[in-house]
Amino acid sequence: MRPLHHSDICEVARVLLPLLPEERAQAVERFIAFADAADRHRQTTGRLHRLWGDGTLGAAVARQPRALARSFEDFDYAQCWALVLEAVIRFRTGRELMP
């Protein structure tokens, strides 16, 4: 997966928001897997993946329905951001965050 940017987190959080809370963790793991596969495809072929784009997390969710961005005062939205960040940290480091 390519380097993570603010816009990637925002896009994935917006995609997670309409999902049931119990579906979100599995969904973000799936999106990270899509981005990683797309990045490997790009590195191997020099071309974008036809479904998941250029290997960025934002491109991996580009075709997904999403909610509007909200303020961090919205607890659900803030939790979606945290979920994305935690999943990326696990993916990059192989470690869980400390409680």
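## Burial and the salt bridges

A residue counts as buried under 20% relative accessible area, as exposed over 50%, and as partly exposed in between. Asp-76 has 29% relative accessibility, so Asp-76 counts as partly exposed. The model discussed here is predicted.

Side chains of opposite charge can pair when their charged atoms come close. The count of salt bridges in this model comes to 7. One of them joins the side chains of Arg-66 and Glu-11, at 2.4 Å from N to O. Arg-66 lies in the loop between α3 and α4, while Glu-11 is in helix α1 (residues 6-16), so this pair ties together parts that are 55 residues apart in sequence. Arg-66 is partly exposed because its relative accessible area is 25%, and Glu-11 is partly exposed at 22%.

## Two further salt bridges and a network

Arg-24 and Asp-76 also meet through their side chains in a salt bridge, with 3.4 Å from N to O. This pair links distant parts of the chain, since Arg-24 belongs to helix α2 and Asp-76 to helix α4, 52 residues apart.

Another salt bridge is made by the side chains of Arg-70 and Asp-74, at 2.9 Å from N to O. Arg-70 counts as partly exposed at 40% relative accessibility, and Asp-74 counts as partly exposed at 23%. Salt bridges with shared partners also join Glu-11, Arg-14 and Arg-66 into one network.

## Aromatic pairs

The count of aromatic pairs comes to 5. One of them is formed by Phe-31 and Phe-34, whose ring centres are 6.3 Å apart; with 55° between the planes, the pair is tilted. Phe-31 and Phe-34 are 3 residues apart in helix α2, so about one helical turn separates them. Both Phe-31 and Phe-34 are buried.

Tyr-77 and Trp-81 form an edge-to-face pair, with 6.4 Å centre to centre and 70° between the planes. These two residues are 4 residues apart in helix α4 (residues 75-93), so they too are separated by about one helical turn. Tyr-77 is buried because its relative accessible area is 3%, and Trp-81 is buried at 11%.

Phe-31 and Phe-34 also belong to one aromatic cluster with Trp-52.

## His-49 in its loop

His-49 is found in the loop between α2 (21-45) and α3. With a relative accessible area of 18%, His-49 falls under the limit and is therefore buried. The side chain of His-49 reaches two backbone nitrogens: that of Leu-51 at 3.0 Å and that of Trp-52 at 3.1 Å. Leaving aside residues up to four places away in sequence, His-49 touches Ala-38 and His-41.

## Gly-58 in helix α3

Gly-58 is part of helix α3, which covers residues 57-60. Gly-58 has 13% relative accessibility and so counts as buried. Apart from residues up to four places away in sequence, Gly-58 touches Asp-8 and Glu-11. Glu-11 is also the partner of Arg-66 in a salt bridge. The C-alpha atoms of Gly-58 and Arg-47 are separated by 17 Å, and the two residues are 11 residues apart along the chain.

Terms used
Residues are numbered from 1 along each chain as its sequence is written. This is a predicted model: local features need pLDDT of at least 70, side-chain atom pairs count only at pLDDT 80 or more; totals for chains, interfaces and linings use all residues. Side-chain values use heavy atoms; hydrogens and water are left out. Buried means under 20% relative accessible area, exposed over 50%, partly exposed in between (1.4 Å probe, protein chains only). Contact means heavy atoms within 4.5 Å. A polar contact is a pair of N or O atoms within 3.5 Å; within protein, one must be able to donate a hydrogen and the other to accept it, and residues adjacent in sequence count only if both atoms are side-chain atoms. Rings of Phe, Tyr and Trp (its six-membered ring) pair if their centres lie within 6.5 Å; planes under 30 degrees apart count as stacked, over 60 as edge-to-face and the rest as tilted. A salt bridge is a side-chain nitrogen of Lys or Arg within 4 Å of a carboxyl oxygen of Asp or Glu.
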